[in-house]
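This report covers one protein model.

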Amino acid sequence: MSGDDQTAPLAGEDGSWLQTLSSLLKETKWSPSLHQIVERLSNNVPLSKDDGVLLFQHENLHEIGALANCVRNARFGDQAFFNSNVHINQTNICVLACRFCAFRRGPKAKDAYAMSIETYLDDLANYADFVDEVHSVGGLHPDWTVDHYVDLFKAVKEQYPHVSIKALTAVEIKHLGQRSSISTKEVLQQLKDAGLTSLPGGGAEILDDDVRAIICNGKESSEEYLRIHREAHEIGLPSNCTMLFGTIETLEQRVQHMISLREINNQTSGFQCFVPYPFLPDHTRLPEAQLATGSEILRTIAVSRLMLNNIPHIKAYRMNIGDHLAELGLQFGADDIDGTVQKESIMHLAGSTAPLDHDRAKLARLIRDAGCVPVQRDTVYSSFSEYIPPEPVSRRRLPMVL
Ligand code: SF4
């Protein structure tokens, strides 16, 4: 993967998007305080840290959303992407105890679990006919080495060759390297050879070591997160990247987080999708968390779209923010809504109430209600097909747009 050509179309993007963006931006009378930013966006010049903070502090949320939507529409038209996937969290046993995490358990906890390869395959068998991706992240198991995952991924690919494996966050890769006494790059290579398709982006939290020391002490450092993703890209494994906001970070730290990811992608082009998601309200963990409001979530999605000019896809992660906000996120610069998911533990134990029973038709209707065209994609954004959902059994009788 090489990031040399900054003007080459990104995955799923319209090749003439920059001309389209210039025209779209001219159609609106923007506030004077945004003029310089609009000019930079028109020329695909990366926005600065000050620009990012200004976007967070601009008084008119809807104007920021409209600006982000110009970029999103220029790149992808009215398409919104989703996939058919299932989340299987292979173990909740973890040697760490990040303060924001409601999922991890100590090995002796009554509800601690670690799936054997057979159990994992049995679980996947329930969904394999309907999905083309399994998304697996979990705790840092004290005993598992890279061999466990090599065997697991080989078994998955043998039984379900059509299923892509998006698995293991950077801290899990680091842990496997330590447990197996090999470098993280060697871990990634062995896992890729065994069938791993891509890395999810979890664990980025906020890429600032002062923040990390408070919210996830002991986890990988900012530099390690970025290095492990860079190594993945270097051996041809694409990845996503994330941002957990609404804990204790400042706006400057949020913007710097985005810039750090953008700088890696200038070199590798391996990040496919950015997933900003808020810390979910909780009364016991991290009581000093600032928590994000609905408008702040929408604004953060919009600012992500505007700051990250070289990461193609911005996800409104409905597992975390719920269906209603995710739908609105598609009008604030996001172009992806994740997948059918079917089952998920990490966000739900932290308080998410997002429904898990969405089939493609339900997701597609949600996308259509946001004014977008549902397009099913694969894990690595290399194949796309418009999905037309069947008519709902009970029709809505209140048309909102004529
Ligand atoms: S966030 Fe991950 S590493 Fe941290 S405690 Fe939870 S499972 Fe363990």
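## Ligand shell

The shell around the ligand consists of 6 nonpolar, 1 polar and 2 charged residues. Here Ala, Val, Leu, Ile, Met, Phe, Trp, Tyr, Cys and Pro count as nonpolar, Asp, Glu, Lys and Arg as charged, and the others, Gly among them, as polar. The shell is made up of Cys94, Leu96, Ala97, Cys98, Phe100, Cys101, Arg104, Gly139 and Lys219; a residue belongs to it if one of its heavy atoms lies within 4 Å of the ligand.

## Basis of the values

The model is predicted: local features need pLDDT of at least 70 and side-chain atom pairs count only at pLDDT 80 or more, while totals for chains, interfaces and linings use all residues. Residues are numbered from 1 along each chain as its sequence is written, and side-chain values use heavy atoms, with hydrogens and water left out.

## Overall fold

The protein has 15 helices and 11 strands, taken as DSSP runs numbered from the N terminus (helices H or I, at least four residues; strands E, at least two). Its radius of gyration is 20 Å, close to the 21 Å that the globule rule gives for 402 residues, so the protein is as compact as a globular protein of that length. The radius is taken over C-alpha atoms, and the rule is 2.2 Å times the number of residues to the power 0.38. Along the principal axes, the C-alpha atoms fill a box of roughly 60 × 50 × 45 Å.

Among contacts (heavy atoms within 4.5 Å) between residues at least 6 apart in sequence, 77% join residues at least 24 apart.

## Helix H7

Helix H7 (residues 170-180) is largely enclosed by the rest of the structure, because 9 of its 11 residues are buried. These are Ala170, Val171, Glu172, Ile173, Lys174, His175, Leu176, Gly177 and Ser180. They pack against helix H6 (146-159), helix H8 (184-194) and helix H10 (222-234). Just after H7, Ser181 has a positive phi of about 55°.

## Cysteines

There are 0 disulfides in the structure, a disulfide being a pair of cysteine sulfur atoms within 2.5 Å. The sulfur of Cys70 has its closest cysteine sulfur in Cys372, 14 Å away, which is too far for a bond. Cys241 is likewise in no disulfide, and its nearest cysteine sulfur, that of Cys273, is 7.6 Å away. Cys70 is buried at a relative accessible area of 9%, and Cys241 is buried at 0%.

How values were computed:
Buried means under 20% relative accessible area, exposed over 50%, partly exposed in between (1.4 Å probe, protein chains only).
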